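I have opened my notebook for a first look at this protein. Here is what I looked up, entry by entry.

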Amino acid sequence: MDNHQGSQPSVILMLTLKLHISIFKRTIGSGPSLDLATRLPQLRAVILHSPILSGLRVMYPAKRTYFFDIYENIDKIPLVKRLVLVIHGTADDVVDCSHAKQLWELCQEKYELLWLRGGKHCNLERYPE
């Protein structure tokens with residue numbers, strides 16, 4: 001995997017020689033990643049970095065999913081039958097930490113929730129805890 005300074009690919013598919021496939025995606029990209037994860041039986045794992053419950057829930061604490069909401073992660077995460085790692089910064093001022101916690105609680109298979117103390121929305125790589 002190339003590490004380009006100042007830029008990161010929006011979706012990284014990591015392939016090993018044994019073709020183990022994982023998906024890594026940040027924030028709003030968690031929507032397409034979870035949609036893909038529900039459709040790929042050969043998927044090994046999903047890594048969600050500062051994920052959102054849904055597009056609407058970032059702006060408003062909706063209690064249910066409406067037809068016009070985008071990225072219904074709250075409804076799709078229970079359908080993912082692979083290991084999920086959720087990473088979130090404790091100082092995120094864009095997406096509340098409750099999004100990560102609730103998505104993690106809804107996972108079928110999961111790693112321990114990874115809180116990065118002091119991490120903000122898109123700088124978690126600076127917190128190598």
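**Entry 1: confidence.** I began with pLDDT, which is the predictor's confidence in each residue, from 0 to 100. I needed it here since this is a predicted model. I noted a caution for myself: where pLDDT is low, the predicted coordinates should not be read in detail. For the chain, the average is 80, and 77% of the residues score at least 70.

**Entry 2: the overall layout.** I listed four helices and six strands in the chain. Reading along the sequence, I wrote down the pattern β-β-α-β-α-α-β-α-β-β. The chain has 129 residues, and 41% of them count as buried. I also checked contacts with a separation of 6 or more: 55% of them are between residues 24 or more positions apart. The accessible surface comes to about 8100 Å², and carbon and sulfur atoms hold 57% of it.

**Entry 3: the core.** Which residues touch the most other members of the largest nonpolar core? I found L34, V46, L48, I77, V80, V84 and V86, in a core of 15 residues. At least two core residues come from each of α1 (30-37), β3 (43-49), β4 (83-89) and α4. Strand β3 gives the most, with three residues. I jotted down a general point beside this: in soluble globular proteins, nonpolar side chains tend to be buried together.

I then picked V84 and asked what it touches, leaving out residues up to four places away in sequence. My list reads V46, L48, I77, C107, E109, K110 and Y111.

**Entry 4: a patch on the surface.** Next I turned to the outside, where I28, I70 and Y71 form a nonpolar patch with about 260 Å² of accessible area together. I28 sits in the loop between β2 (21-26) and α1. Its relative accessible area is 47%, so I28 is partly exposed.

**Entry 5: charged pairs.** How many salt bridges are there? I counted four. Side chains of opposite charge can pair when their charged atoms come close.

I looked at R39 and D35, whose side chains meet in a salt bridge at 3.1 Å, N to O. R39 is exposed, with a relative accessible area of 59%.

Then I went to R57, which forms a salt bridge with D69, with the closest N and O atoms 3.7 Å apart. R57 lies in helix α2 (residues 55-59) and D69 in the loop between α2 and α3 (73-76), so this pair ties together parts that are 12 residues apart in sequence. Are these two buried or exposed? Both R57 and D69 are buried.

My next pair was K101 and E105, which meet in a salt bridge at 2.5 Å, N to O. Both lie in helix α4, four residues apart, about one turn of the helix. K101 is partly exposed at 41% relative accessible area, and E105 is partly exposed at 43%. I also noted a network: salt bridges that share partners join D35, R39 and K76.

**Entry 6: one last distance.** I finished with D96, in the loop between β4 and α4. D96 is partly exposed, at 46% relative accessibility.

Conventions. Residues are numbered from 1 along each chain as its sequence is written. Side-chain values use heavy atoms; hydrogens and water are left out. Buried means under 20% relative accessible area, exposed over 50%, partly exposed in between (1.4 Å probe, protein chains only). Contact means heavy atoms within 4.5 Å. Accessible areas come from the Shrake-Rupley method with a 1.4 Å probe; for residues, only the protein chains shown count as cover. A nonpolar core is a set of buried Ala, Val, Leu, Ile, Met, Phe, Trp, Tyr and Cys residues joined through side-chain atoms within 4.5 Å. Patches are made of residues with over 30% relative accessible area and no salt bridge: like charges are joined within 9 Å, nonpolar side chains (Val, Leu, Ile, Met, Phe, Trp, Tyr) within 5 Å.
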